[in-house]
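Hi,

Here is the structure I promised to pass on.

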Amino acid sequence: MNNSKIMSLSFGKDIIKPIEELDRRTGFIKWGKKNDYPFEIINLYNSSAWHSGIIKNKTFYISGGGLDIVSGELQQFIDNIFSDFNMNEVCERMTFDFEMFGGFAVKGTWNKEGTRVVRWEHINVDDLRMSEDMRTFYLSDDWSVMNQSESKTNLRTIQALDDNNRQGTFILFYKEPAKKFKGEKGIYPKPTYYGGITAIQTDGDISKFHMYELNNGFKSGTLISMTGGIPESVEEENKIRDMIKGRSQALEDAGEIIITFSNGKDNAPEVHQLNGNDLDKRYQILQNSVQQNILVAHSITSPKLFGIIQEGSFNSAEALELFEIFKNSYIDMRQRRLEWMLNKMVELSGYIGRVKLKDVNPVNKKEEETPDSESESFKSIDDDFELKVFAEFGVNESDYKVIKSDVLEWETPEDEIIKRENFALESIGTIKAEINDFDKSVLRMLSKGEDGTSISKALSKPLTDVAESIERLKGWEMIVEAKVTDVGEYVLDKLPETRQFEVRYKYQVRPDVPPVKTKTRDFCKKLIDLGRLYSREDINMISGRVSRDVWKYRGGWYTNPKTKVSTPYCRHTWFQELVIKR
């Protein structure tokens, strides 16, 4: 060993932590020790194909269906005409930030009077820094610059929403609650996959390692023999080491390098094997472990739902059930967070109403469709047993008169069903309490095809009074599209006592699908032929008897032949109906 010397160069990379410290010169809280944590999150997204694919698919599952107007006249809100993006596009960007960073933000602009917000814009979460009280938001054209200033990086501020100052612009910001670690103030969001960051980084590093191995021919554990003699000083040795290692500890250098110095080849150390000859197997084992950790960190129940086919994957039926678990445990929760913000935006925009996010299908939906895209595909269930259970409950529809009927969309939450049920009954009570003889006269003449002008003349009332009465009748849903409804007809006859009305549920074909060209499943046909009306309690009890939620699981995949849109339910649905016994 007197004639040779060995040194080792190893390459490593520290994981940046989301440390939050005050920038004393400007007043904002830094996101990361060097205010660079968002860059690390973005780098993870760009480096791992698994991670980025999951983020994209999650974004699609949460907001890819767009916004649905539940109540109110909100099309102008959806259009968001004073912005470059409509509200569906804004929502999609909010969702992407939510999945990427764990939070999202929008900028609102008040009208001149300060009465309502006239424009909504998405703000990238990674573009924001905040004051410690989270009331002031900072934006910069380049957060990579250490010394931020108005002149150098266009550093500027926007305040959070303040109802006492309705001028200019403001920021609405939401972040998912998370535990604080040492060095954190809880200002900035954390992604849901935070526990899997090391696995995500490793996945990206493995891909890069293989690429650079091919590019430069180095493998981890490369040995370099310097046979020109041993360096005379430590300084000379370090200089040679730095020349080989390069300026940075980068993955491009493909791992550890062993350097030997010796006086001639005869004195060079003999190395038989550094890392073994089964590196391909070791990489595969590591890669499988890393990918599994990424899935767990992202709460993925079935990789197949994200277009990932693994050995031993679940079959299509099992994958769909796992999708329901994933939807109930993850997607629904994320949608509720976004919907809360969106409906706050509706309120600030001066509208009365509510929006919700439409559900979309898992990526493997095509496997669940039958060759004829108009036919229906179902899970295997005991039809005869379930039909017997359905026949035990409910009342005969022929004994009841339907006053009003509304479609219940797939997976309408039970609290929404109850709310709509109460509203239907309360509406009857409101009509009985508030309708007057003049309104009844207007309604009667409308039923005969008279217009506002003729009604005004006949009743010797100003046209404005007639118009106001018509608006009241519309609000009570006694007039829809210039036609008197069944509710209106009952008022003209004799409005029964409120307690005589009931809310029941009926299973029937959706109104927005074309006639089936092949065959409706026997189960659906027989269920409809039962001619039963069910209470909400009936349906919940049936669900318990048949061991499935019959509000949701009404059938299999259906592809509308006109729109080519596939849905995870069949052509039939539940209708909520306001009825009265004949």
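Let me start with M345: beyond its neighbours within four places in sequence, M345 is in contact (heavy atoms within 4.5 Å) with F77, M87, V106, W120 and L172. M345, W120 and L172 touch the most other members of the largest nonpolar core, which has 66 residues. By nonpolar core I mean a set of buried Ala, Val, Leu, Ile, Met, Phe, Trp, Tyr and Cys residues joined through side-chain atoms within 4.5 Å; buried is under 20% relative accessible area, exposed over 50%, and partly exposed in between (1.4 Å probe, protein chains only). Helix α9 (residues 316-348) gives this core its largest share, 10 residues. A second, separate core has 44 residues, including L387, I428, Y507 and V546.

Before you go further, please note that this is a predicted model: local features need pLDDT of at least 70 and side-chain atom pairs count only at pLDDT 80 or more, while totals for chains, interfaces and linings use all residues. Residues are numbered from 1 along each chain as its sequence is written, and side-chain values use heavy atoms, with hydrogens and water left out.

On confidence, pLDDT (the predictor's confidence in each residue, from 0 to 100) has a mean of 77 over the protein chain, and 71% of the residues reach 70 or more. Strand β1 (residues 4-9) is lowest, at a mean of 51, and strand β5 (residues 103-110) highest, at 97. Helices (H or I, at least four residues) and strands (E, at least two) are DSSP runs, numbered from the N terminus. Residues 363-381 have pLDDT below 50, yet this stretch has 59 contacts in the model beyond near neighbours in sequence. Where pLDDT is low, the predicted coordinates should not be read in detail.

After α4 comes G102, with a positive phi near 95°.

There are 21 salt bridges, each a side-chain nitrogen of Lys or Arg within 4 Å of a carboxyl oxygen of Asp or Glu. One of them joins E397 and K506 (2.7 Å, N to O), linking distant parts of the chain 109 residues apart. Another pairs K33 with E21 (3.0 Å, N to O).

Best wishes
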